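Hi,

Here is the structure I promised to pass on. Have a look at it first, and then read my notes below.

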Number of protein chains: 2
Amino acid sequence: MRVRLSDVAAMADVSSATASMVLNGKAGAIRPDTIDRVLVAAEALGYRPNALARSLRSQQSHTIGFLSDDVVTTPYAGAMILGAQEVADKHGFALLLANVDSDQEASRHSLEALLDRQVDAVICATMYHRIIEVPAQLTNSPAVLLNARSDDNSVTAVVPDDYAGAEAAMEHLVAMGHRRIGFINDRAGNRRPGFIIDQTSPPAAVEREQAYHDVLRRHGIDRDDTLQTRAPSDPTGGRVAATALLDRPDRPTALFCYNDRMAAGAYVAARHLGLAIPEDLSVVGFDNQVLIAEAIDPPLTTVQLPHLEMGRWAMEQALTLLDENAEPRVRRMPCPLVERESVAPPNHPSADT
Amino acid sequence: MRVRLSDVAAMADVSSATASMVLNGKAGAIRPDTIDRVLVAAEALGYRPNALARSLRSQQSHTIGFLSDDVVTTPYAGAMILGAQEVADKHGFALLLANVDSDQEASRHSLEALLDRQVDAVICATMYHRIIEVPAQLTNSPAVLLNARSDDNSVTAVVPDDYAGAEAAMEHLVAMGHRRIGFINDRAGNRRPGFIIDQTSPPAAVEREQAYHDVLRRHGIDRDDTLQTRAPSDPTGGRVAATALLDRPDRPTALFCYNDRMAAGAYVAARHLGLAIPEDLSVVGFDNQVLIAEAIDPPLTTVQLPHLEMGRWAMEQALTLLDENAEPRVRRMPCPLVERESVAPPNHPSADT
């Protein structure tokens, strides 16, 4: 519940007009003890630091805080910053960066340093799609979550539509004629505790798995749990998992991998088993990390994580929140399929089983 | 327990309104010794000073501008931001981001917006190692160039030591017994004009080529210009160039590639020619883009571009410049060899030629 000017006025026992004059730096004609009461009330109610400081200077800082959990260390997530910055720039706003990490105390310090600099709003970005607990310090400022949402959707947020993205990948494989499709999912459990706390399982893994099963069911394909596995989400994890799925007579004709790094590992497994991609095995990844997708042979068909678009949207919402007290919105950003050369119709006998 | 404005006022023996005015930069009518008492009390109590109060005392905003040419769009360069931020954070400074691009007018606007926000210093980062013309607006502020330097070295700067990195790669190949070593360099000419103007050829390509020739000469290996070529610095460029170098009887036993993306293309070329890596062909890349280096099979031996270390160093220098009028320094940061599995002794007959 955001503290309003009228709350401050009521507590200070003055009119809203008086409170506004004090808090907007137009207190020239107001008695010092009245000013005092308003400032004390504003402070007691938590009507600061942002609103008070901003009002005292009767202008905005035209700076948006960008709080992230190591976002700059993940390559594709840099696009979130770029998207946010593009929009900010267009409106004359600058981006003030702060990182949070697994050290709660250091992270709290970073966030407070951001707020101390009187940012007009905060965008709170996470490296992976997460459901988080919103830091208490943010509840008094306009805030937008980026690549994350709160459990109760009480804060404006944008997340990738992992479900629809995985659905598109699976529909593509089925449309190409595949019926035995393996799924290598992320093994959860590598999540770190931190300032920003995960409240549930990673949505990406949960939603993609759901889509995998839903698409198979929709097309009348019997569920075969031996075609599904989990592994650490890196090339080695993908390689080990793919070898286990492929080194058998009734192997799948296609693999849907949790991310492009695992897909690269699946390529290695296939090659070592003498399977050509896409002739003997189709592979679809997720993320569209161009560095990987274009570096491996053949180039990888995968699903785009829309970091740039999410960054833009988050900044647009943050700027909107400065002008109006909008209801929180949660946007699920589409994850389009990016077709390259790793998918073909199945030609292996087991495709007919 | 958070320190309140009223605590500061009580300790300074002034009203909260007076304390507020001082701490919010509206101290025009207040006596200097009163201002002093409030500031001392605020500091003694650990009251979080806001930006204005701080600037009253120190004339600093405790914010460093980070100007970059699309740095956030390149995956590995995000490490520059992270390094800078780590150091800034440790000293209570925040990073204010601005991007410049090929549109000179927009870029000038971005830079001016940064300076308008009273940043204490500016770090000017480029995506690739470049020799640049320093924007005129920066000559009046403390500034550090990151991954770039000025032609006359008149501004403090940090760049990767591309020469020594390439030397380490080549010495490694020679030490493994290779004497016919191909070099696939970047084809210059894809540089964009922009706000930050290149004054010479890309230093990375020039220095790496120099090191290639110097190491061969040092070991008495005759120069063979048919082993050297240039191509666009992406997987397709690497593949085409590697095919031309390898599809001949006296092919090289090792390839040194301008970057990891080209090395990935060289892997594809080798595979299509039936050459196993590292048994038939050793490959060394440059960049240490872990996403690629770990995704391709076998994992790639390459040279690290020290973005994180350069980011840290640049921020340390920027903070130093706030305190002292230091002479400009240009630091060449080491680029260490990262050994993985793509290099072995030569076993092909042409190694004996």
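**What I found**

Chain A has 12 helices and 12 strands; both are DSSP runs numbered from the N terminus, with helices being H or I over at least four residues and strands being E over at least two. Keep in mind that this is a predicted model, where local features need pLDDT of at least 70, side-chain atom pairs count only at pLDDT 80 or more, and totals for chains, interfaces and linings use all residues. Residues are numbered from 1 along each chain as its sequence is written, while chains are lettered from A and ligands numbered from 1 in the order in which they are written.

Of the 353 residues in chain A, 55% are buried (20 or more other C-beta atoms within 10 Å of a residue's own, with C-beta atoms placed from the backbone).

Now for where the chains meet. Chain A puts 45 residues into the contact and chain B 43 (a contact means C-beta atoms, placed from the backbone, within 7 Å). On the side of chain A that touches chain B, the elements giving two or more residues include α3 (32-44), α5 (78-90) and β2 (94-99) of chain A.

What does β2(A) pair with? Its partner is strand β2 (residues 94-99) of chain B, running antiparallel and joined by 3 bridges (pairing takes at least two DSSP bridges). There, L96(A) sits opposite L96(B).

Within chain B, strand β3 (residues 121-132) runs parallel to β4(B), with 7 bridges. One bridge pairs V122(B) with A143(B). As for β4(B) (residues 143-150), 7 of its 8 residues are buried.

Cheers

Definitions and conventions
Contact = placed C-beta atoms within 7 Å. Buried ≥ 20, exposed ≤ 12 C-beta atoms within 10 Å, placed from the backbone.
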